[in-house]
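Please have the sequence and the 3D view open while reading.

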Amino acid sequence: MKSTMQDFPLTVASVLRHAASVHGDRQVITAVTPGSSRRSTYAELGERSAQLANALRDLGITGDERVATFQWSNQEHLEAYAAVPSMGAVLHTLNLRLPPHQLSYIAGHAEDRVVIVDDTLVPLLARALPEMGTVHTVLVAGSGDTSVLEGHGKEVLRYDEVLAAQAPTFDWPVVDETSAAAMCYTSGTTGNPKGVVYSHRSMWLHSQAACTHNALGIAYDDTVLAIVPMFHANAWGLPYAAMMAGAQLLLPGPFLQAAPLVAMIEAERPTMSGAVPTIWNDILNYVRDNPGHDLSSLKMVACGGSAVPRSLMTAFDELGIRIVQAWGMTETSPLAAVALAPAGLSAEEAMRLRGTQGRVVAGVEARIVDDTGLVMPHDGKSVGELEVRGPWVTASYYGGEDSEKFHDGWLRTGDVGLIDPAQFITLTDRAKDVIKSGGEWISSVELENELIGHPDVLQAAVIGVPDEKWQERPLAAVVRKPGAAATPDELREFLSDRVAKWWLPDSWSFIDAVPLTGTGKFDKKVLRQQYADGELTVENSSRA
Ligand code: ADP
């Protein structure tokens with residue numbers, strides 16, 4: 001039996017139309033300098049997106065051609081988010097933090113035609129542009145110098161001038177909801193980055209899931225500060241979710257340090273935000289070192305991208321701000337699981353659940369699989385690789401690469417952990433970072449989470465290093481806070497009440513900063529290499 005429901009496609013254009021008409025007066029606020037902002041509305045977004053779409057048509061963008069962005073989180077980037085998929089083309093957000101050879105590889109792989117770039121990022125783009133063979137035009141947002149872009153056979157135009165010549169209306173085509181809307185490459189710690197291609201439908205459903213109370217609960221009365229960059233995993237879907245809900249959107253531009261973020265929070269009073277743990281940790285240290293700041297507008301902040309230390313959640317609880325841990329990856333759009341504790345639990349139990357990677361949101365399914373592919377029970381004990389599936393989980397990489405990451409319709413996440421009977425997922429490591437000592441697993445994630453709770457520790461990354469007797473033993477690479485002097489023995493003593501004795505690291509290295517990947521995660525491959533090359537100064541704790 002056929003339903004009587006209308007066949008109405010779930011598209012980005014429908015989100016844009018909704019935002020521009022129903023929530024037309026709601027604001028989009030972009031930081032222009034650390035202390036000042038530019039204000040616009042969703043109604044203006046509708047018009048500017050139409051102008052951009054008209055301009056891109058004039059530049060020859062047809063069908064599902066790719067339009068890349070090389071931008072911070074700002075109004076022009078949001079215009080590309082809205083216009084490019086709505087016109088039927090495909091938005092490709094380039095990650096500013098990738099090295100030039102990876103950027104040009106990605107742009108060629110995706111066959112990008114046009115790149116929209118912030119003027120402040122022109123010098124960075126110029127390093128990759130000569131090798132971006134498929135790109136014919138660069139649109140520069142802002143009035144900064146563009147001379148370094150000249151001489152590579154690309155047309156270089158000013159974004160504002162190009163838009164000013166265009167009509168503020170566009171007849172958004174009806175596109176198939178399963179067609180490509182946007183793409184994003186994962187950093188690919190081995191081999192080349194892999195492309196994930198989002199559909200209109202996947203983005204629509206993902207955004208709506210983000211708005212549910214069981215996920216991030218983004219609503220009309222929210223002001224959302226999207227700290228997670230728009231060049232990474234669609235800024236966790238916050239921009240589209242805000243447009244759908246009619247929430248106001250705060251875009252911090254390049255000002256992602258604690259001081260300007262705190263200033264923006266005080267000036268614009270966002271109610272929710274999303275960022276990785278390092279950012280919240282920086283903000284926490286900043287407000288502790290500079291008392292008197294007011295973050296009280298924030299009711300809830302989403303945190304993910306790597307495990308969220310409990311000490312961070314407790315410290316934010318004391319500020320009256322609830323950190324909600326979420327788990328996901330570029331391949332899952334990214335929101336897949338959220339750690340919310342039900343009411344009525346003891347404070348300790350609630351904190352334990354909030355410290356997990358959470359439960360899947362409706363639509364996504366999760367399971368744990370062992371080395372042989374056997375599906376394991378959700379008993380809170382069986383450890384294996386986490387696999388997920390759902391309408392906003394990718395079924396393959398663009399071009400069919402790395403097909404071994406998919407089987408039976410499930411994505412192999414590369415994350416290792418367990419699921420308990422209440423369906424809370426706890427991750428212990430990424431598959432490539434697990435530490436196997438004497439045949440047993442040691443969770444580097446848990447060691448890091450505990451170490452960061454020590455008052456002298458700014459950052460901690462734990463890696464496995466070869467050991468004759470045990471195969472591998474943990475080495476903790478620690479960044480101490482300025483002026484702090486914790487010793488290996490003190491840190492080991494601190495950990496000894498918190499983790500199993502045989503987990504305690506014997507080797508320690510005090511470093512200036514943990515090396516990061518293009519997506520801002522600890523790059524443990526680099527740390528392991530530094531260790532192998534003898535570049536780390538290693539101190540041993542006198543064993544207890
Ligand atoms: P990349 O894979 O390029 O580093 P992603 O943002 O796609 O970038 O990373 C996804 C990975 O981040 C996950 O597979 C997982 O390892 C990690 N991650 C995300 N959220 C969490 C979380 N809440 N706790 C632990 N790890 C997380």
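D408 and R367 form a salt bridge through their side chains, at 3.5 Å from N to O; the term stands for a side-chain nitrogen of Lys or Arg within 4 Å of a carboxyl oxygen of Asp or Glu. The model is predicted: local features need pLDDT of at least 70, side-chain atom pairs count only at pLDDT 80 or more, and totals for chains, interfaces and linings use all residues. Residues are numbered from 1 along each chain as its sequence is written, and side-chain values use heavy atoms, with hydrogens and water left out.

**Salt bridges**

- D408 sits in the loop between β20 (406-407) and β21 (410-419), and R367 in strand β17 (residues 365-369), so their contact ties together parts that are 41 residues apart in sequence. Helices (H or I, at least four residues) and strands (E, at least two) are DSSP runs, numbered from the N terminus.
- D408 is exposed, at 60% relative accessible area, while R367 is buried at 11%. Buried means under 20% relative accessible area, exposed over 50%, and partly exposed in between, with a 1.4 Å probe and protein chains only.
- R430 bridges to D415, with the closest N and O atoms 3.7 Å apart. R430 belongs to strand β22 (residues 425-430) and D415 to strand β21, so this pair ties together parts 15 residues apart in sequence.
- R430 is partly exposed, with 33% relative accessible area, whereas D415 is buried at 7%.
- E79 and R48 also meet in a salt bridge, at 2.9 Å from N to O. This pair links distant parts of the chain, with E79 in helix α3 (residues 75-86) and R48 in helix α2 (residues 42-58), 31 residues apart.
- E79 has 0% relative accessibility and counts as buried.
- Salt bridges with shared partners join R48, E79 and D160 into one network.
- The whole structure holds 22 salt bridges.

**Aromatic rings**

- There are six aromatic pairs in the structure. Rings of Phe, Tyr and Trp (its six-membered ring) pair if their centres lie within 6.5 Å; planes under 30 degrees apart count as stacked, over 60 as edge-to-face and the rest as tilted.
- One of them is the tilted pair F170 and W172, at 4.8 Å centre to centre and 40 degrees between the planes. Both F170 and W172 are buried.
- W502 and W503 have ring centres 6.2 Å apart and planes at 85 degrees, so they count as edge-to-face. W502 is partly exposed at 38% relative accessible area, and W503 is buried at 13%.
- The charged end of R480 sits over the ring of F510, 3.7 Å from its centre. The criterion is NZ of Lys or CZ of Arg within 6 Å of the ring centre and within 35 degrees of the ring normal.
- R498 has its charged end over the ring of F494, 3.7 Å from the ring centre.

**The four-stranded sheet**

- Four strands make an open sheet of mixed pairing, in the order β25-β26-β27-β28; two strands pair if DSSP finds at least two bridges between them.
- β25 (457-467) and β28 (539-540) are the edge strands, each with a single partner strand, so one side of each has no neighbour in the sheet.
- β26 (residues 471-480) and β27 (residues 507-510) pair in the parallel sense over four bridges. L475 has S507 in β27 as its bridge partner.
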